[in-house]
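Colleague: I am new to this structure. Please take one part and walk me through it closely.

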Amino acid sequence: LQNMSANVHILLQYTMAQGWSKPEYKVYERKPKGEPKRFGAKVKITRSNQELKQCASYPLEDINENVAKGYAAKKALEEFQEEEKVKLDKKTISTDNKVIFDRVSEIVADSGAGMFAKTVEGKYYDTFSESLPDNWIQTVTTCPTLSVESSLSDIIIVLKDYQMDPSHRQQIAVPEQINLETLPSPLYVEITHATSTCDVWCRIVDDMFSGKLFDLDKEMNRYYNAEGTGELVLDVQVGQYYAARSSEAWLRVCVYEVKQDTREAEAWLIDHGDNDTFTFNCLYRLPEQFCSLPRQAIQIALEGLDSFSDDPIASELMTTSPYLIGNVCVGVITQIDTNTDFVKMTLFDTRDTEKDINVNEMLLDNIYENAIPQLVTEGCAMEVYISSISKKGEVYIQIPSVACERLGVVLNSLSEEEVSMHKLTSYRQVQTNKIYLAKFNKDEGWYRAVVTATPSMQQNKIAVRYIDFGNAETVSISDIAEIEKLPRILSKLPAQAVKLAMHNLPVNTLTNIEIAKIHSMLLNEEKEKTVLIKTVNIQEDPPLVEIFYKKDDDSALVSVNNTIVVQRLIKPNERRIISDNQNGVQDPLSGKLKRPDLDGDFLDVLITLAAHPGNFIFQPLKYKNKLTSLMYKMQAYYQATALPEADKKYVIKGRLFAAQYIDETWYRVVVTEAIIGNKVAVRLCDYGDMTCVPVSNLRELEEEFQKLPFMAIKGKLAGVIPLHMDWSVDDCVRFQHLVVDKPLTSNVIYIEENFEDPMETVVSLHLRDIQDGKEEVIRDIFIKENRAIRNDE
C-alpha cells in the first residue's frame, strides 16, 4: 500500500497488453477542517467504447492524488486477477505437438527478432482459446521451424529462417551459457549482483574462468579504444548481443528492451548479472572473437530461502548484507536444473580463519529478526488478519508476511514426538517472558507463547499468552516445551501478534454487549477473516486504528468503530425493570434534570457526538461557564469526601447519580439499563456518552448539583432527509468531520418535547459553520454532495 502509485503504471501496461483503451481516472477531493486535503479516485476501463470495469478507492484516501489513483488501480488489478484465475480454471490445454508447432510459428511469423515466451502464451490463448502445456518450450526446441533463445528475463521464440538486419548478419556466434553440469562443487564465487534470495548473480573465481574474463576485458578495451575499429550499431534489436561503452570499460551486453522515443536500450550485463541503460550511440557490434567466452554471470538461488524471493525484508538484506555483493564466497551446489539454468547454492564466508560462516543461515536469521510487523503510515490502510479479541475487547492482528507463513508451516510440521523431547517437567524450570511452545487445547496444536505469571507448585495451570495470536490461556506444565533445539525460526522470529486500540472506543468503555458485537463482526470460527485497518495514530501504545470489514452478503465496507459509536447514540431497547417502588421502597433520587432554555434567534452550540445528520448530541454554549463551574465543584466535592457507594436497590433505570468515569473525572449520569454483573449502563447527562461503569463508582448526586439543566441535548439537522432510504456509513463519517467538537451557530427550527423524560427531547437545528467571516451551511453541503435532499416539512 505504501507504493500504491506503482499500480497505476501496472494497470496501464495490463490494459495496453489487452488492446484496451487507457484507464480513465476521476479524482475527487475532501477537505476536513483543520487537516490537509485528502483525495479519492475512481478508474474506468473500456474496450471499444464499452465499459468493462469501474473501481473506486473508497474508503481509502490519501493526501497524494497519485496514491489515491493507485488504490483504485489496485482494486481493478485484483478483480482482473480473480477473473484470470477463473479463466485458467476452465482452460483447455493443447496436446498435439504438430498443432502447437504450426500455431506458434504463425504467432511469431511477423515478430522479426522473435517474441518473448510469455507473450506467445498470451497470444496463443487469445487466438485459439487454448493454453500451451507447461513443458511447451521444451517441446518447441524439437520444432524444425522454430528456435528457442535465452534472454535476461524470458525465453525468446524466433523463426529459424528469420533474416536479420544487415548490421546484425555478422553476429553468427553469440556468447553461450556456461555448461552448468561441469561446474565443480564446492567452488569460489564472487557475488556481483543480488535483488532477492532467488536472484543472486555471481562469477566463478579461478584461472579457468576469471582469468579468461580478465584477458577478454583487456582485449575489448584495446580493440574498441583503437580508432576506427568499433562498428556502431544502426538498428538496435531485442535479443541481440553488443559491446557497450561505459564510463569505466567495455562490457558485453544483451538488449532486452528498446525505447525508440528516447533512443535508449535496457540491457543485461552478461558477465556481471546487473541491468543498465545505454544510449544507442554507446552500442557497438560484438565480433565473433569476443563471443567465444561463455557468459560469466551465473544466476543462483540461495538454498533454504526460496520462499522469501518476494519478501521486501529479504530483498533489502540482499542488497545491504556485507556477506554478499563484492564478497568472494565458497559455494556448495545443492541443485542444478539444466532445462531452466537453475542453480541452488549454500554460500560460506571463509574470511574468518577460525570459523566459516554459513551465509544462508546468517541471512535467514537476519530475515527473521527483522520481520517485525509494521503498520502503514497514518491515514493509510492495509489488509490484516484478526487473530484474537480478548475478553476486555482488546484486538490483536497478524500482518500477512512470508515469515509468518513460514512460521505456520514449521509449527504444523512439528510432530508430537519431536516436541515431547523438550517438554518441561517441573514448575521450577518455568521463566516468565521467555518464549516456549505451548499446546492450545482447542485444536491440540503447538504455538509460541510466553509465561505471563510466575507459577507455584500449588497451581495446576500456568498462565500464558500466545505471542503470534494475542490470546491468553492457562495450560498445564506438561503442555509447555522449550524451543532452543527446535527450528531456528521459533526463537529468532519476533512476536507476530500486534495489539491495536480502536479509535474513539477505549477498551475500558466497552460493554459486554459491544464486545460480543465486535466478535461477531471480526471473528469467523470457520476460517481466518481478513479486514482493512486504517491507521489513525501509530505513536500511541497501542496504535489507534479504524477497522473495516465486509459483510458476508455485501461487498460494501463497514466501519466497526462507527457501528459501535452509532449504537451508543441509539436509544437502547426497553427492558422490563421491576421497580423497588412497587415494594414500598422510597426513592430518594426520583427527580429529573430540567431541559435547558433554548429561546432566541440564534443558538451557539458544540456537537459532542454524532451518529448521522438525524441523530447527534449538542451542548448550548451559553451554559459553558456554568457547566465548567459545576464540573469543578463536583471534582472538589467527590474527590475530597469519603461518600458511601450507591445502594444497589436504587440503581434502576432513570435514576440520577454522580459517577467516576474512566478518566477519573466525576460526571452527572442517568441510569439507562439495570445492573449487569457488577456494572451498570449510564448516560453522561452533560456530554451524551453512553457507557458502563462499575456500580462501585456510583455516588448519590447532591441536590446542589441537580440545579443546572442537563447539557447533552439530542438534535437532528433540519431541512434535509437522506438521498436514499437511510444515511450511509460514508454520510455518517462526513457529518462527523463537519460538525463534531466544533463551535457552530444554529437556529432552533422545532422542538419535539418529551415531558415524561426531558432528556429524550429532540431539537431540529439549522447548523452553520462560520470561520474567518466565511459561512458554510451544513445542510447545503450535504445537498451539494448528493448525500441528502431538501425537506422543509
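Modeller: Some terms come first. Strands (E, at least two residues) are DSSP runs, numbered from the N terminus. Two strands pair if DSSP finds at least two bridges between them. This is a predicted model: local features need pLDDT of at least 70, side-chain atom pairs count only at pLDDT 80 or more, and totals for chains, interfaces and linings use all residues. Residues are numbered from 1 along each chain as its sequence is written, and side-chain values use heavy atoms, with hydrogens and water left out.

Now the sheet. Five strands form an open sheet in the order β23-β22-β21-β20-β24. Their pairing is antiparallel. The edge strands are β23 and β24 (480–481), and each pairs on one side only.

Look closely at one end of that order. β22 covers residues 462–466 and β23 covers residues 472–475. Four bridges join these two strands in the antiparallel sense. Across from Val464 sits Glu473 of β23. Together β22 and β23 make a hairpin, with five residues between them. In the turn, Gly470 has a positive phi of about 95 degrees.

Arg683 lies in strand β33 (residues 679–684). Leaving aside neighbours within four places in sequence, its contacts (heavy atoms within 4.5 Å) include Arg668, Asp689, Lys714 and Glu760.
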